[in-house]
Amino acid sequence: MSATVPDTAASERGALVASSYRQLAEIYHDLLSRDQLDQVLERLVKTVTHLIPVASILIAEAQTEQRLLKPIVAEGGWPDGFLNATLPFGEGLIGLAAERGRPILCNDAHLDPRAGHVAGTPIGEPEAIISVPLVARGVVIGAMSLYREGEDASFSDLDFELAQRFADAATIAIENARTRAELRELGRRDELTGLLNRRGFNELLTAALADQSQAPVSLVLLDLDDFKSVNDEHGHLCGDDVLAEVAGVLRDSVGGRGQVCRLGGDEFAVILTSAGMIDAQVISGLVHAALANHVVTLSSGHVTQRASIGAASTDGVADADAEMLLREADRAMYDAKPEREPVRLRLVSDAGA
């Protein structure tokens with residue numbers, strides 16, 4: 001009776017597979033615990049290069065309607081500005097993987113016409129490529145390519161298998177991070193107008209004041225005049241229509257020069273960064289004129305909704321905080337009530353004046 005000779009190579013491969021899958025399980029847990037997409041992507045790159053050593057890696061997100069891939073991670077020898085490029089579906093191995101929704105292993109990519117060439121990288125250099133689509137709920141949300149370079153460059157079947165398992169982990173992690181980001185953003189938005197709500201306003205203003213590169217910071221506050229009469233005469237649904245139209249007027253008049261927010265009720269705000277009191281005055285004037293010239297057509301009549309506007313600025317003021325800026329803008333807004341002046345401005349340093 002002969003003894004069975006153990007297959008050493010098979011045993012070693014089995015041990016490697018088991019070790020790799022244990023690491024993948026740990027990676028799933030780690031990736032799912034991370035909220036920020038940039039944190040997820042950083043962890044993805046570190047992980048994949050540990051499990052499957054590579055010369056470079058590319059992760060791209062899909063712009064499905066345009067049938068384009070937009071690089072979001074490019075580690076290795078990529079040319080300057082590559083992250084600003086776009087890669088068409090169906091072009092290059094990563095484009096083919098995205099278009100077909102199937103992984104590709106090519107150990108002679110330099111000889112394969114499907115691989116294409118990225119401008120600014122060496123031509124004809126021997127390389128091996130694995131390209132894998134990132135598929136969530138049957139939809140391609142991106143793709144990933146791994147690269148090895150040199151005469152002996154190649155990927156094994158195990159490398160190919162691990163890359164596909166890793167792509168599954170990457171897809172779940174990216175989707176999870178995006179879902180959390182969307183939920184956070186929903187919590188910062190006013191449902192009626194789509195503007196940042198009080199929470200979003202507080203976060204944005206605090207961040208702006210903490211960033212010296214955005215100084216000076218100015219704040220414009222608006223309180224709609226006699227808005228209660230709109231609700232009383234036309235009903236609350238029509239009142240909501242007026243608020244939504246006012247939000248649109250504010251967005252249009254401010255444009256890209258500031259961030260418009262709804263603080264609650266009939267009170268709005270505009271945060272201006274790298275903008276002093278003169279800028280706040282210009283924006284206040286534009287908003288005042290835009291509201292005065294805008295007629296809201298309701299089923300029950302027409303409304304021209306005016307507002308009291310006050311502004312304050314940190315221009316020339318050291319160590320100003322959100323509370324100070326809000327207080328001074330609010331004082332200026334109160335002074336701008338109809339029986340006084342339509343627009344008032346205050347420097348934070350006016351406090352106590």
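**Cavities, pocket and side-chain contacts**

The largest cavity has a volume of about 40 Å³, and it is one of two cavities of 30 Å³ or more that the structure holds. The model is a predicted one, in which local features need pLDDT of at least 70 and side-chain atom pairs count only at pLDDT 80 or more, while totals for chains, interfaces and linings use all residues. Residues are numbered from 1 along each chain as its sequence is written, and side-chain values use heavy atoms, with hydrogens and water left out.

On a 1 Å grid over the protein atoms alone, a cavity is a set of points where a 1.4 Å probe fits but cannot get out, whereas a pocket is an open set with protein on both sides within 12 Å along at least five of seven lines; lining residues have an atom within 4 Å of a point. Grid points are joined across faces, edges and corners, and a volume is the space filled by probe spheres set on the points.

The largest cavity is lined by I59, A60, E61, I72, L134, I141, G142, I174 and R178. Two or more of its lining residues come from each of β1 (56-63), β6 (139-149) and α4 (157-187), the helices (H or I, at least four residues) and strands (E, at least two) being DSSP runs numbered from the N terminus. Strand β1 gives the largest share of this lining, with three residues.

Turning to the open space, the largest pocket has a volume of about 610 Å³. It is lined by 29 residues, of which A115, G116, H117, V118 and E127 are the closest to its centre. The elements that give two or more residues to the lining of this pocket are β1, β3 (87-88), α3 (92-100), β5 (127-136) and β6.

Charged contacts come next. The whole structure contains 15 salt bridges, each a side-chain nitrogen of Lys or Arg within 4 Å of a carboxyl oxygen of Asp or Glu. One of them pairs R327 with E328 at 3.3 Å, N to O. Elsewhere, salt bridges that share partners join E185, R188, R189, R199 and E203 into one network.

The structure holds zero disulfides, a disulfide being a pair of cysteine sulfur atoms within 2.5 Å. Among the cysteines, C106 is buried at 6% relative accessibility, and C261 is buried at 0%.

On the surface, I278, V282 and L286 form a nonpolar patch with about 270 Å² of accessible area together. Patches are made of residues with over 30% relative accessible area and no salt bridge, with like charges joined within 9 Å and nonpolar side chains (Val, Leu, Ile, Met, Phe, Trp, Tyr) within 5 Å. Accessible areas come from the Shrake-Rupley method with a 1.4 Å probe, and for residues only the protein chains shown count as cover. L286 lies in helix α8 (residues 277-292) and is partly exposed at 34%.

Technical notes:
Buried means under 20% relative accessible area, exposed over 50%, partly exposed in between (1.4 Å probe, protein chains only).
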